[in-house]
Amino acid sequence: MRRRDFVKVGALLTGTGVLVPGRAWADVPDHQWQGYNFGPGPRPANRLDQGPFGIEQDDGWFTIFAAQPSTQHVRNFGTGLVGYTWEENGPALGVMCGQETLEQSVEKMAALPFVDVLYIRCDWRDVQSEPGRLNLSPVWAATLDAARRHHLRVAFRIQLSSPNIQPHKLSMPDFLRGKVPVANIGRKSKEREENFDFYEPRYDSPEFQKAFAELNDLLAARFDSDPLMEYMDLMMYGFWGEGHTNDIASPFPDYLTAEKTFAHMTQMQIDAWKRTPLAVNSQPDISKVGNRQVQDMAVRAGCWLRSDSLIMDEPIQIEELGHRPSWLATVIEDGGNRHYVLPEYKAEEQACFRKLPATALSFMGNDDEAPSTDDYPRHSGGPMDRPYREVAGFHALDIGTNYFGLWTEADNIRRYYEKYPQSLQALEQRLGYRLRPSWIWQRKRYGTMELILGIANDGVAGVPGILGIYAESLDGQVKLGGNLDAGQPLPGQVRQASITLPHGMDGQQIRLRAELEVKGVRRPVRWACHQPTNPDGSLTIRLKKGSDTDWRKGV
């Protein structure tokens with residue numbers, strides 16, 4: 001199918017930010033993502049020769065190193081387990097019930113040895129309370145401080161709308177009330193049973209567009225260049241910023257206005273965030289606001305994907321996530337039994353709930369890890385003979401996720417995985433990409449030595465960007481290397497690449513290191529191998545002497 005041209009920002013807006021009629025947008029139809037042409041992806045500079053490496057090329061060869069996979073937790077950018085310091089309901093239950101401080105709950109989460117990323121999901125009002133500047137709520141300082149001290153990274157989402165705080169508040173800051181029109185979208189819903197109507201801002205109004213542009217610019221100015229940042233969730237329509245308002249109608253007068261509005265807001269975010277990856281929600285377009293168009297734009301611009309559910313995702317969503325372009329990461333969470341409450345701690349959870357107002361409980365489900373008693377599919381996922389969070393962890397691996405959300409309850413998470421460790425062990429050993437030099441061949445070629453590297457990926461996801469590989473002398477005087485193609489090596493596969501060494505290095509030790517380039521930013525990658533690595537995650541390898549007599553050729 002011939003792709004339509006995207007409407008440029010100038011064709012969408014007047015100088016005052018008013019959306020105006022322009023070229024008609026046609027929704028991107030459903031399509032299989034497997035094999036779909038989203039474009040070539042990022043092109044590597046200084047591309048390494050990636051074969052083939054035939055037997056006629058060399059004057060002798062030898063396998064000088066063979067790394068085995070690691071079974072340990074290995075921390076790298078672009079993959080990890082995500083601990084929440086704030087979610088749409090607020091902080092950890094202990095904080096909400098007055099049993100611990102916010103800082104204590106954040107510290108507990110950051111101290112879990114398997115957590116890689118700290119995540120904040122809060123409302124617009126939690127980061128801005130007046131025009132022209134950010135006013136970050138206390139969870140931000142606590143999270144950033146804990147991330148620095150524990151050498152973790154930070155991700156976040158700013159919700160433009162959330163049902164959780166309605167009807168008393170909107171996610172939109174109070175200073176915009178009276179400026180931005182707000183629409184009553186009603187309450188008739190199979191999903192929501194509330195005794196009040198829900199409200200959504202008119203996203204297409206000039207005042208909303210003006211305020212959103214300022215918010216986006218302020219956030220990018222503060223966080224886009226912060227080395228702690230892992231990713232930001234794309235700010236999208238509706239409840240929790242997921243791209244829907246359940247089965248309640250949107251506030252837009254028609255589909256075209258909705259699609260134009262969010263295509264424009266998506267482009268604004270893509271343009272502003274130069275360094276930090278954006279993650280677009282894969283939510284199907286049940287509210288008819290242009291999600292397919294937004295997702296298509298975002299993927300073509302190199303945005304990552306995410307889903308805020310898993311076991312109850314639609315078939316098309318699973319196909320999309322599992323067959324995304326190999327150079328894009330995926331972020332997965334599943335809200336079922338998010339508090340990780342074991343049956344023996346059920347009374348503790350209920351005692352906390354009794355301290356909370358009824359409005360706080362309407363969007364906070366009770367954990368229920370009771371096993372199935374028959375084969376009838378009464379609950380999400382049907383009959384299960386293992387705990388739900390175990391099931392969710394294994395299924396996240398099935399679609400090749402890079403990140404898996406652990407939610408807010410650090411004490412419960414620790415106790416849960418002490419009792420049910422299997423999915424955590426699988427996640428630690430397979431999540432995202434896990435790289436090692438499975439084979440290193442040394443060849444006599446061009447009158448010097450050449451290394452052929454067979455880089456294996458023991459993870460379930462491709463490399464979310466461009467992998468660089470470098471061979472360096474221990475004194476730092478020699479630094480050689482380059483880049484693989486985007487997304488390589490693919491999960492469960494080996495990618496070969498060649499590095500030609502200068503004369504006189506045979507018999508010496510070299511350091512082999514890797515780095516990941518995403519949006520032009522390079523970050524070190526630690527090898528996930530059984531062999532001991534250096535403090536920076538690199539490997540030290542001894543080269544073979546050219547004068548040895550056991551080089552192989554024609555045998």
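User: In which strand does R523 lie?
Analyst: This is a predicted model, and the strands are numbered from the N terminus. Within that numbering, the strand that covers residues 521-525 holds R523, and its name is β18.

User: R523 is buried yet has no salt bridge; which side chain of opposite charge is nearest?
Analyst: R523 is in contact with F77, M229, R275, E515, L516 and V518, leaving aside neighbours within four places in sequence. A salt bridge requires a nitrogen and a carboxyl oxygen within 4 Å. The nearest side chain of opposite charge is 6.2 Å from R523, and it belongs to E230.

User: How confident is the predictor in the protein, as given by the mean pLDDT?
Analyst: Residues with a pLDDT of 70 or more make up 95% of the protein. By contrast, residues 1-24 stay under 50, and the model has 45 contacts for them beyond four places in sequence. The mean pLDDT of the protein is 92.

User: Is helix α7 mostly covered or mostly uncovered, and how many of its ten residues are buried?
Analyst: Helix α7 covers residues 291-300 and is mostly covered. Its buried residues are N291, Q293, V294, Q295, D296, M297, A298 and V299. They pack against α6 (255-272), β8 (278-281), β9 (304-307) and α8 (315-322). The number of buried residues in α7 is eight of ten.

User: Which residue just after α7 takes a positive phi?
Analyst: Just after helix α7, the backbone has a phi of about 90° at one residue. That residue is G302.

User: Is R389 buried or exposed, and what is its relative accessible area?
Analyst: R389 lies in helix α11, residues 388-398. Its contacts beyond four places in sequence include D334, R338, E369, F404 and W407. Buried means under 20% relative accessible area. R389 is therefore buried, with a value of 0%.

User: Which residue has its backbone oxygen 2.5 Å from a polar atom of the side chain of R389?
Analyst: Among the residues in contact with R389 are D334, G335, G336 and N337. The backbone oxygen that lies 2.5 Å from a polar atom of the R389 side chain belongs to D334.

User: How many residues apart in sequence are the parts tied together by R338 and E87?
Analyst: R338 and E87 form a salt bridge, with their closest N and O atoms 3.4 Å apart, and both residues are buried. R338 lies in the loop between β10 (330-332) and α9 (346-353), while E87 lies in the loop between β2 (80-86) and α2 (93-96). The pair therefore ties together parts whose separation in sequence is 251 residues.

User: What is the length of the polar contact between the side chains of R338 and E88?
Analyst: R338 touches E87, E88, N89, D367, R389, L406 and W407, not counting residues up to four places away in sequence. The relative accessible area of R338 is 15%. Its side chain is joined to that of E88 by a polar contact of 3.3 Å.

User: Which helix holds K419, the salt-bridge partner of E344?
Analyst: The side chains of E344 and K419 meet in a salt bridge of 3.3 Å, N to O. E344 is partly exposed at 49%, and K419 is partly exposed at 42%.

User: Which residue forms a salt bridge with R495?
Analyst: R495 lies in strand β16 (residues 494-500), and its partner lies in the loop between β15 (479-483) and β16. R495 is partly exposed at 21%. The closest N and O atoms of the pair are 2.7 Å apart, and the partner is D485.

Methods
Residues are numbered from 1 along each chain as its sequence is written. This is a predicted model: local features need pLDDT of at least 70, side-chain atom pairs count only at pLDDT 80 or more; totals for chains, interfaces and linings use all residues. Side-chain values use heavy atoms; hydrogens and water are left out. pLDDT is the predictor's confidence in each residue, from 0 to 100. Contact means heavy atoms within 4.5 Å. Buried means under 20% relative accessible area, exposed over 50%, partly exposed in between (1.4 Å probe, protein chains only). Helices (H or I, at least four residues) and strands (E, at least two) are DSSP runs, numbered from the N terminus. Lys and Arg count as positive and Asp and Glu as negative; His and the chain ends are not counted. A polar contact is a pair of N or O atoms within 3.5 Å; within protein, one must be able to donate a hydrogen and the other to accept it, and residues adjacent in sequence count only if both atoms are side-chain atoms.
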